[in-house]
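Here are my notes for your first walk through this protein. Keep the viewer open and find each residue as you read.

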Amino acid sequence: MSKVFVKTQKGVEEIGKRTSDMSLRVRRILILVDGKRSVDALRELALADDLDQTLGLLEESAYIEPIRQPEAAAQASKADESAPREFTFRKIPDTPDPKEMEMAKHFILNTLYTFCGQWAHLSIVKAASAAKTHEELRKSFIPWYEAIVETGEGRRRAEELSSSLLKVI
């Protein structure tokens, strides 16, 4: 299921008063956000290659916010118990490749440094660095994901980044 956004009060005021120097393309996306259309539906209507970036910009600027779906709220409360439905770990090979473990560790460390800063989330860095097995490393996935989506650029690229990590973890 695709995410659904709704205009904030600031977004509604922007549509009515045109107080910012928002481009016509971004304004058009803001107008299309109605709290009913999913991102996939917006993609069909907008025909914009950079829709995810535009939505991220509008969200960061507090013109829109995601609607919290009831099932998403239930998943969020269980996040520490298991990975949310949209994250499916691959089957661990009978003979795990040590290179894949190292790739996954480096991916976690590098993305945290890039998106969150060198000194942020040290507990995740420590846990990922100390992991000896895929199972141990997978315990760092949800905290890693939550740390990444705390940043605007991380939110925009979360799907891409998590997909890349899930290939090797």
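1. **Burial overall.** Of the 169 residues in the protein, 37% are buried (buried means under 20% relative accessible area, exposed means over 50%, and partly exposed is in between, with a 1.4 Å probe and protein chains only). Please keep in mind that this is a predicted model, in which local features need pLDDT of at least 70, side-chain atom pairs count only at pLDDT 80 or more, and totals for chains, interfaces and linings use all residues. Residues are numbered from 1 along each chain as its sequence is written, and side-chain values use heavy atoms, with hydrogens and water left out.

2. **The elements.** The protein has 10 helices and 2 strands (these are DSSP runs numbered from the N terminus, H or I of at least four residues for helices and E of at least two for strands). Take the contacts between residues at least 6 apart in sequence: 68% of them join residues at least 24 apart (contact means heavy atoms within 4.5 Å).

3. **α1 against α2.** Helix α1 covers residues 9-17 and helix α2 covers residues 24-32; their axes come within 10 Å and cross at roughly 120°. The axes are lines fitted to C-alpha atoms, for helices over the stretch in contact, and the angles run from 0 to 180 degrees between N-to-C directions. The two helices α1 and α2 are therefore oblique to each other (under 35 degrees counts as roughly parallel, over 145 as roughly antiparallel, 65 to 115 as roughly perpendicular, and the rest as oblique). Their crossing is left-handed, a name used if the near helix is turned anticlockwise from the far one by less than a right angle, while clockwise gives right-handed.

4. **Who meets whom there.** On the α1 side, look for Gly11, Glu14 and Ile15; they meet Arg27, Leu30 and Ile31 of α2. By class, the residues of this contact are 3 nonpolar, 1 polar and 2 charged. Here Ala, Val, Leu, Ile, Met, Phe, Trp, Tyr, Cys and Pro count as nonpolar, Asp, Glu, Lys and Arg as charged, and the others, Gly among them, as polar.

5. **α2 against α3.** Next, follow α2 to α3, where the axes come within 11 Å and cross at roughly 135°. This pair, α2 and α3, is therefore oblique too, but the crossing of α2 and α3 is right-handed. Arg28, Ile29 and Leu32 in α2 meet Leu42, Leu45 and Ala46 in α3. The classes in this contact are 5 nonpolar, no polar and 1 charged.

6. **The loop between α2 and α3.** Two residues deserve a look here. Leaving out residues up to four places away in sequence, Ser38 touches Ser2, Lys3 and Val4. Asp34 lies in the loop between α2 and α3 as well, and Asp34 is partly exposed at 33%. The side chain of Asp34 reaches the backbone nitrogen of Lys36 at 2.8 Å. The C-alpha atoms of Asp34 and Val4 are 8.6 Å apart, although 30 residues separate them along the chain.

7. Thr111 lies in helix α6 (residues 98-116) and is buried, with a relative accessible area of 7%. A polar atom of its side chain also lies 2.7 Å from the backbone oxygen of Phe107. Beyond neighbours within four places in sequence, Thr111 is in contact with Cys116, Trp144, Ile148 and Leu161.

8. **Ala131.** In the loop between α7 (122-130) and α8 (134-138) you will find Ala131, which is buried at 2% relative accessible area. Not counting residues up to four places away in sequence, Ala131 touches Met101, Lys105, Glu136 and Leu137.

9. Finally, Ala62 has a positive phi of about 65° although it is not a glycine; Ala62 is partly exposed, at 36%.

Note on methods
A polar contact is a pair of N or O atoms within 3.5 Å; within protein, one must be able to donate a hydrogen and the other to accept it, and residues adjacent in sequence count only if both atoms are side-chain atoms.
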